[in-house]
Amino acid sequence: MADSNWSKNGLSVLSGDVLILYKALDRLFLRWATEEFQAKEYLFPTFINAQDLGKISYFTSFPHLATFPISLMLEDDNLKRFIEGKPLSLEGEIKLTATNPIREVLTPAACYHLYIYLQNTDFSSTAYFTTVNNCFRQETHYLPLQRQWNFHMREVVCFGSQKVVAAFLENAREKLSKFCIELGLPIEWLIATDPFFAPEQNPKYIAQIVDPTKMEMIFQNLSIGSTNLHRDYFGKNFNISLNGENIHSACVAFGLERWIYAFIKQFGDRKQDWYDLNLITI
């Protein structure tokens, strides 16, 4: 489409009608979060603390997905070596000299920021939050809007008792299914697992196989969203509690570029053929 540009390295540029669609989709999901659940909205940085991600063994579970921000050490001699070493090759590769220690990661999932931000919090009742972020996951290959290195994710997160968070996910799947029927977007919910590295050797993957906690919203073999039951995993690892006991949590995630792809695939690339998202609610 004239309003978009995609590159083979998993990056995209949106403008015109496609950008309008992106904004309308995110407003729709945000409206659902704030009106249905009175979710508190947060906007977090793109960087996320590596030490905090280490509390959930992110780097042993997903080393293949991680992307790191990196910078040169600021000593004059190091910067001169960088300049004199012809820093950019003909292939477009940067030749680094000494770099600063890496203590941050580019956000792999929007909701991680919430667990870190809320660590050491003791809630007295159920709480809902929502956030959107610029996310990064390295992949073996990329497809325009479907599989990108850099993409945007809107999430709605529920913190509460085991019963409450399970009901939250069931309600979300029911509401989203009805919404997609009204919209004319064919989807199905399928049990899924997270993309672990060497999954057969990871006890978390085995646990998800034995007792499924993740379901994906599938449009033509593409996951455009998911519901995820965390039980008390994040509560335990980040010391988040409900009246002194480890809190349970769950989230609903929307891949915004993938929703754009689904719209264009289902309804065509003309704006006049798209459903006016301002006239519909989840």
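Guide: The side chain of Trp 274 reaches the backbone oxygen of Gly 268 at a distance of 2.7 Å, and a polar atom of that side chain also lies 3.4 Å from the backbone oxygen of Arg 270. Both distances can be judged against the rule for a polar contact, a pair of N or O atoms within 3.5 Å, where within protein one atom must be able to donate a hydrogen and the other to accept it, and residues adjacent in sequence count only if both atoms are side-chain atoms. Before going on, please note that this is a predicted model, in which local features need pLDDT of at least 70 and side-chain atom pairs count only at pLDDT 80 or more, while totals for chains, interfaces and linings use all residues. Residues are numbered from 1 along each chain as its sequence is written, and side-chain values use heavy atoms, with hydrogens and water left out.

Trp 274 sits in the segment after helix α9; here helices (H or I, at least four residues) and strands (E, at least two) are DSSP runs, numbered from the N terminus. Trp 274 counts as buried because its relative accessible area is 11%, the cut-offs being under 20% for buried, over 50% for exposed and partly exposed in between, with a 1.4 Å probe and protein chains only. Although 253 residues separate Trp 274 from Leu 21 in sequence, their C-alpha atoms are 8.8 Å apart in space.

A residue that links these two is Phe 263: leaving out residues up to four places away in sequence, Phe 263 touches Leu 21, Leu 25, Leu 183, Gly 268, Trp 274, Tyr 275 and Leu 277, where contact means heavy atoms within 4.5 Å. Phe 263 is also among the residues with the most contacts inside the largest nonpolar core, which has 45 residues; the others named with Phe 263 are Leu 185, Trp 259, Ile 260 and Leu 277. Such a core is a set of buried Ala, Val, Leu, Ile, Met, Phe, Trp, Tyr and Cys residues joined through side-chain atoms within 4.5 Å. At least two residues of this core come from each of α1 (16-36), β8 (150-160), α6 (162-183), β10 (214-219), β11 (222-231), β14 (248-255) and α9 (256-267), and α1 gives the most, with nine residues. There is also a second, separate core of 35 residues, which includes Ile 56, Tyr 115, Phe 123 and Phe 129.

The buried residues of α1 include Val 18, Leu 21, Tyr 22, Leu 25, Asp 26 and Trp 32. Just after the helix, Gln 38 takes a positive phi of about 50°.

Strand β3 (residues 40-42) is joined to β7 by three bridges, and here the two run parallel, with Phe 129 of β7 as the bridge partner of Lys 40.

Last, consider the cysteines. A search of the whole structure finds zero disulfides, a disulfide being a pair of cysteine sulfur atoms within 2.5 Å. Cys 158 is in none, and the nearest cysteine sulfur, that of Cys 251, is 10 Å away. Cys 251 in turn has its closest cysteine sulfur in Cys 111, at 4.3 Å, which is too far for a bond. Cys 158 is buried, with a relative accessible area of 0%, and Cys 251 counts as buried too, at 3% relative accessibility.

Definitions and conventions
Two strands pair if DSSP finds at least two bridges between them.
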